[in-house]
Amino acid sequence: MVCSAHLLSQSLYQSHRSCPAPSKHLRFQARPAAAASAGVSSSSGTRSQRSPSVRVAASAEQGRKKIEINVFLRITGKRPDGFHDLASLFHVVSLGDTIKFSLSPSKSKDRLSTNVAGVPVDDSNLIIRALDLYRKKTGTDKHFWIHLDKKVPTGAGLGGGSSNAATALWAANQFSGGIASEKDLQEWSGEIGSDIPFFFSRGAAYCTGRGEIVQDIPNLLPENLPMVLIKPPEACATAEVYKRLRLDQTSKADPLALLKEITQNGISQDVCVNDLEPPAFEVLRSLKKLKKRFIASNRGDYSAVFMSGSGSTIVGIGSPDPPAFVYDDDDYKDVFVSEARFLTREENEWYREPMSSNATFSKEDSLSEAAPVVD
């Protein structure tokens, strides 16, 4: 596509590819995705010029779009509008999909592709809805070619769709010269999803209301604290989980007391309350078994084991390695397993992939991340 004589660099962040050792038993083992810097291109003479791309490892995900976990999740009531009030500690973690954005010559339509069958690519996808929202709010007319490289399974309770939407808003704003503030993006995002505003925090936040009321909690948890995420092939339908929720049987723990305890003493099993666990375990009984075995196998490696969101991911805090039964028991041969760490971001930057001791860099990776990205 022909653009102006000089294309401006749009570098969102740099990231690195982490490569956990593969398991011979796990058929679907994820690794944090690499996020390449956005492209820089400058041309002269007769050489044709092409639109710049912004590759965002999502993750929001990662910025990637990165995903998030709920360290605790209290459901405090049901609202007149049919939603539930919640109080939760959300935290971004270093796992997610990769989204690549390129400017499209079209002034009327975005085009979304993905590497996974069954993911909607029309305007029911939150990525497209986020781009439509950005154009509506700003009056810009830029449309995009977007490729979503999914690495996180759907139905995991990790906010993947919300993270994608936040990343799309961020990328659209970068392509438009940053005409909207982060506060604008955060406020607008609540119109299309309750969890999306969280990703415009610094990465750790106490969220209330439907989840759209976001209070940043700086310097809460060490980013070198490892964890492992385990998700069975089956998903928990969020609507079905909430349908089975009984408010009179939820935890009585004060969410502010939970937050204070984590702030002062870190994560322990007692503070990782999730009111959606009992109904999720009714929807997917094998999930309850997975958590019980996870806890029973703990030999001091994990400070807490809990379900994130409405399921079906179980999180173990304290070690990047899954318990041995995940490798040895054929019942778990098809589970999704990934290590992760807590992640935050700086103002006016998207989420960066953390450096880790087991990160490896191939020559191919280095070249692809350093080279201009153009379409």
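This is a predicted model: local features need pLDDT of at least 70, side-chain atom pairs count only at pLDDT 80 or more; totals for chains, interfaces and linings use all residues.
1. Across from them sit the buried residues of the helix: Leu 287, Leu 290, Lys 291 and Phe 294. These cover an arc of only 95° around the axis, which puts them on the same side of helix 7.

2. An α-helix has 3.6 residues a turn, so residues three or four places apart point the same way.

3. What does the buried side of helix 7 pack against? Its partners are strand 11 (226–231), helix 6 (277–283), strand 12 (304–307), strand 13 (314–317) and helix 8 (325–328). As for length, helix 7 runs over residues 285–296, and at 1.5 Å a residue its 12 residues should span 16 Å; the end C-alpha atoms are 17 Å apart, which agrees.

4. Helix 5 (residues 255–265) has a similar story to tell. Pro 255, Leu 258, Leu 259 and Ile 262 are its buried residues. Their arc around the axis is only 100°, so they lie on the same side of helix 5. Turned away from that buried side is a face with the exposed residues Leu 256, Lys 260, Gln 264 and Asn 265. Do check Leu 256 when you look at this face, as it is a leucine listed as exposed.

5. Both ends of helix 5 have something to show. After the helix comes Gly 266, with a positive phi near 85°.

6. The buried residues of helix 5 pack against strand 4, strand 5 and strand 9 (204–208). Those strands belong to an open sheet of four strands, ordered 4-5-9-10 and paired antiparallel. Strand 4 (67–78) and strand 10 (213–216) are the edges; each has a single partner strand, so one side of each is left without a neighbour in the sheet. On average, neighbouring strands here are turned by 15° against each other, direction ignored.

7. Within that sheet, strand 4 and strand 5 (residues 84–93) pair in the antiparallel sense over 10 bridges.

8. Lastly, is Gly 178 buried or partly exposed? With 37% relative accessibility, it counts as partly exposed. Gly 178 sits in the loop between helix 2 (160–175) and helix 3 (182–189). Its C-alpha atom is 9.4 Å from that of Asn 348, although the two residues are 170 residues apart along the chain.

Definitions and conventions:
Residues are numbered from 1 along each chain as its sequence is written. Side-chain values use heavy atoms; hydrogens and water are left out. Helices (H or I, at least four residues) and strands (E, at least two) are DSSP runs, numbered from the N terminus. The expected span of a helix is 1.5 Å times one less than its number of residues. Buried means under 20% relative accessible area, exposed over 50%, partly exposed in between (1.4 Å probe, protein chains only). The arc is that of the directions from the helix axis to the C-beta atoms. Contact means heavy atoms within 4.5 Å. Two strands pair if DSSP finds at least two bridges between them. Axes are lines fitted to C-alpha atoms, for helices over the stretch in contact, and angles run from 0 to 180 degrees between N-to-C directions.
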